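Hi,

Here is the structure I promised to pass on.

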Amino acid sequence: MTAVTDRPAAEIGQPRRRKEDRHLITGATNWTDNLTLPGMLHLAILRSPMAHARISSIDVGPARERPGVIAAFSGQDFADSQGNIPCAWPVTPDMVNPGHPSLAVDTVNHVGEAVAVVVGRDRASAQDALEAIEVEYEQLPVVLDMEAAVADGAPLVHEHAGTNRSYTWAFESGAAGTGEPIEQALAGAEVTVRRRFVQQRLIPSFMEPRSTVVQPVGDGFTMWSATQVPHILRTMLALTLGVGEHQVRVIAPDVGGGFGGKLQVTPEEVICVLVARRLGKPVKFTETRSESLMSAHHGRDQLQDITITARRDGTVTGLDVHLYADMGAYLRLVSPGVPVLGAFMFNAIYKFPAYRFVCEGVFTNKTPTDAYRGAGRPEATFAIERIMDELAHELGMDPLELRRKNWIRHEEFPFTTVAGLTYDSGNYEAATDRALELIGWDELKREQAERRRRNDPVQLGLGISTFTEMCGLAPSRVLGSLSYGAGGWENAAIRVLATGKVEVVTGASAHGQGHETAWSQIVADQLGVPFSDVEVIHGDTQSSPKGLDTYGSRSLVVGGIAVVKAAEKVVAKARRIAAHMLEANEDDLEFADGKFSVRGVPGEGKTIQEVAFAAFVAHDLPDGVEPSLDADATYDPENFSFPHGTHLCAIEVDTETGFATIRRYVCVDDIGHVINPLIVEGQVHGGLAQGIAQALYEEAIYDDDGNLTTGTFVDYLLPSAADLPHFVTDRTTSPSTTNPLGVKGVGEAGTIASTPAVVNAVVDALRPFGVDDVRMPCTPERIWRALQGSQESGRAPGGTVAYGGASTSTSDGSSGSEGDQL
Amino acid sequence: MARVNVTVDGVRYADEVEPRLLLVQYLRERLGKVGTVIGCDTSNCGACTVSLNGRSVKSCSVLAVQADGGTVLTVEGLANPDGSLHPVQQAFHDKHALQCGFCTPGMIMAACDLLAENPNPSEDEVREGIEGNLCRCTGYQNIIAAVQAAGRAMSGAGESEQSPGHASANGSPAPRESRTEVPA
């Protein structure tokens, strides 16, 4: 076991510039779409223009007549061989999974669903021929609204399923033995606040569109794909298509971002395999951005009904959560599990005695949802941080004081929550104090009061988010208890070559995170070798055969620890050989800075490179020691890790135009020890951008017919540099106690924390006008309407543009306002 | 088919192309210049940005035939023949201005154009200047720092080293205004 030290070792903690950069900044890149194989054919996919329809007839024949077209197929051509897109997370035993063919066979269930595929000598020929395919659709009723979908007599997305409800997953602290019964808390509440929040549908929008190349090889195939999960993809493709797993090789070359969006087994990947094997030729499919936005999975999309109870003094007593989670038309890889992950996070950093979580997964005629950065945790964090502000308002308390009163105090760690998780470490007080100092909270408060006093048309809002998250997915036994279809371990192998250079093989497949650099830093310290002597190998199931890939902020806290474990084994073997070489007892050797020496005999010793060479030539090894200096390790975490932090947002809202401008954004994150502060900083920045974008800019919108109206980057508003503020960031350090590096994940923290900080700030700015919610994204129109609504109605606080209204039971009991239909 | 004569990254090419062929398709599919990438189909993302006759263009919005007689510079032609990086490339590396790297070719080419016009841009000027290039990974902050650092390097000013945007680097918050120092 490597001890957790206070002082970072030589490489760990250094802001090393990334090894990954050189080829990316010179254009010497290896994106899947850059790949050309001899004889390669190109695919174009015909997609459904209908949200819900029966395919009465389809004729791909005319497309085959077009110049440059080699073949064309409809779903009928693969009906017996294509299987279903796998769902690895049956969250309940009776979960309804209607099945998900890659190419629609007799019905289509969302706009953008693949209906037919054309194979051309080049991409243009294939795309041109799509228009020649003749399809007749018989329109079926479109199901878009989740509440309507679960109402009695609602039309069904999947007739054969008999219901639009996929599953109901429930947790209750009284029954689970993790706390008191929720009904008791609800019945005895001195104060109750209820809200409905809407987690709008988002689109992950990785910058590299998905691309796949498949080459048939013998009875199997090799696939290059823009994926986060080459290992999972390999296993799942083998299972889905009945090909031996040993005959499937998946390569993830340079991958241009994922954010959960490439954590999938996609219909397009399956179609590539089907066509390549049918024709015996290599094929490529690269999506357009418009195809990507309508067919790659979406994220979020929940209706959240939240009830919080408290005593008059502000002590929280219960939290009751009901979710409708939109699965879209089908269940994909982990669709049902995403909202369920939130079950463990709604209680957040607060000491709730009682807690209930009920989630209903619902089918609609929309693109399937699945993991998007944070996956269940941003949704939970948003709801709890928003309702804490509403409770504070109800109690007439400062929102910060309410949080302080209820959060887990530093000296209370480790702390087992009402959701049953044990948080290892944290210091909410320190992170919050630092954030307040950095943003100049008191001064901003004074300015806010002044602007309110003089009825300034530009009001200042101050928003708080004191978040935590669970990351490092995941202990395999926990995943097992949640019925997930795989484990959560990670594998690493280290090979010290004859010349003393080091190869590190990792099962974590990076797509922008900087594993090559961070892993090199870890190994440099562990083995005492130069940073530049370490090469990291990943992303190919042939060269890195064991792994579970990159998602859920797991790479460092699971994969990085596997690297440490492998290094410990390498050092242990090297120690035996070095003891033999030095004619000393193993126990008398110390290993420091890459050199074994006999304790008390300075100067003498053998470097790890010398030991590696001795292990290579194998002329004189101790009995029972095999040649070569290498080892591998598979690490299964014993617990999640729990990063936390305090994010503060100061926002200026123009009450005449509704335009909101972030003036200052400060975050202080605690992710334990840091391997590379430069990379951590970058992860935080990117996470903030995506979280702020949910608050202010992004929303996937469907019209009444089920057409995605935000189907291009013209309409789906990814923020540009001009739309985002300068971030001020800092860290506090509460090392994780559950892994030897003391590290916690950082990949999702910024996204999870920032959304409620921004929306709380917007609502805070509008609070004097009687506004108590603005539905995301908080566009100028929504803000302006919220202001008009509250002013025109003349109603007491409670007016809202929250979806479906909101209610505060301690006021007059009437439920807020008419729903916002923007 | 139409004739196009064009110099790309210092090499002269003469080709017959379909009139509808986009410059980015010509670069990628005909010339093998796959360092320039396609990120969208509506000219929003800027990933395909190259320099055409000294000005940055989104090569998805230019026909190959429009480049006839012209000179194109892509990210692949930016480094010096000896392999040493262009100051903008170097600054992107130094400031950790890329993560997945997909937007990077276009971002670097847009930055070169911005700096040619304004060698010493303020933070806000960089934000406005690269507005046509989308990045999903970085939140832009380190890209902005890189563009400013490259501007300083190209105008011969020294680089004051600090960890980008990190408050603890100098013990105080880095307000927007303070990051626009003018080189000597």
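First, a term you'll need: pLDDT is the predictor's confidence in each residue, from 0 to 100. This is a predicted model, so local features need pLDDT of at least 70 and side-chain atom pairs count only at pLDDT 80 or more, while totals for chains, interfaces and linings use all residues. On labels, residues are numbered from 1 along each chain as its sequence is written, and chains are lettered from A and ligands numbered from 1 in the order in which they are written.

Confidence in chain A: the average pLDDT is 94, and 95% of the residues score at least 70. Two stretches to flag are residues 1-8 of chain A, where pLDDT stays under 50, and residues 794-822 of chain A, where pLDDT is below 50. Where pLDDT is low, the predicted coordinates should not be read in detail.

Now the contact between the chains. Two residues are in contact if their C-beta atoms, placed from the backbone, lie within 7 Å. By that rule, 53 residues of chain B are in contact with 47 residues of chain A. On the side of chain B that touches chain A, at least two residues each come from α2 (87-94), α3 (104-117), α4 (123-129), α5 (141-154) and α6 (167-170) of chain B. α2(B) gives the most to that side, with 4 residues. (Helices are DSSP runs of H or I, at least four residues, strands are runs of E, at least two, and both are numbered from the N terminus.) By class, that side of chain B has 24 nonpolar, 20 polar and 9 charged residues. Here Ala, Val, Leu, Ile, Met, Phe, Trp, Tyr, Cys and Pro count as nonpolar, Asp, Glu, Lys and Arg as charged, and the others, Gly among them, as polar.

Chain B itself is split into domain 1 (2-74) and domain 2 (87-174), with bounds from an automatic or database domain assignment. Their contact takes 14 residues from domain 1 of chain B and 11 residues from domain 2 of chain B. On the domain 1 side, β3 (49-52) and β4 (55-58) of chain B give two or more residues, and β3(B) gives the most, with 3 residues.

B:A67 is buried, because 25 other C-beta atoms lie within 10 Å (buried takes 20 or more). Leaving aside neighbours within four places in sequence, B:A67 is in contact with B:V4, B:V6, B:L23, B:L52, B:V62 and B:V72.

Cheers

Key:
Buried ≥ 20, exposed ≤ 12 C-beta atoms within 10 Å, placed from the backbone.
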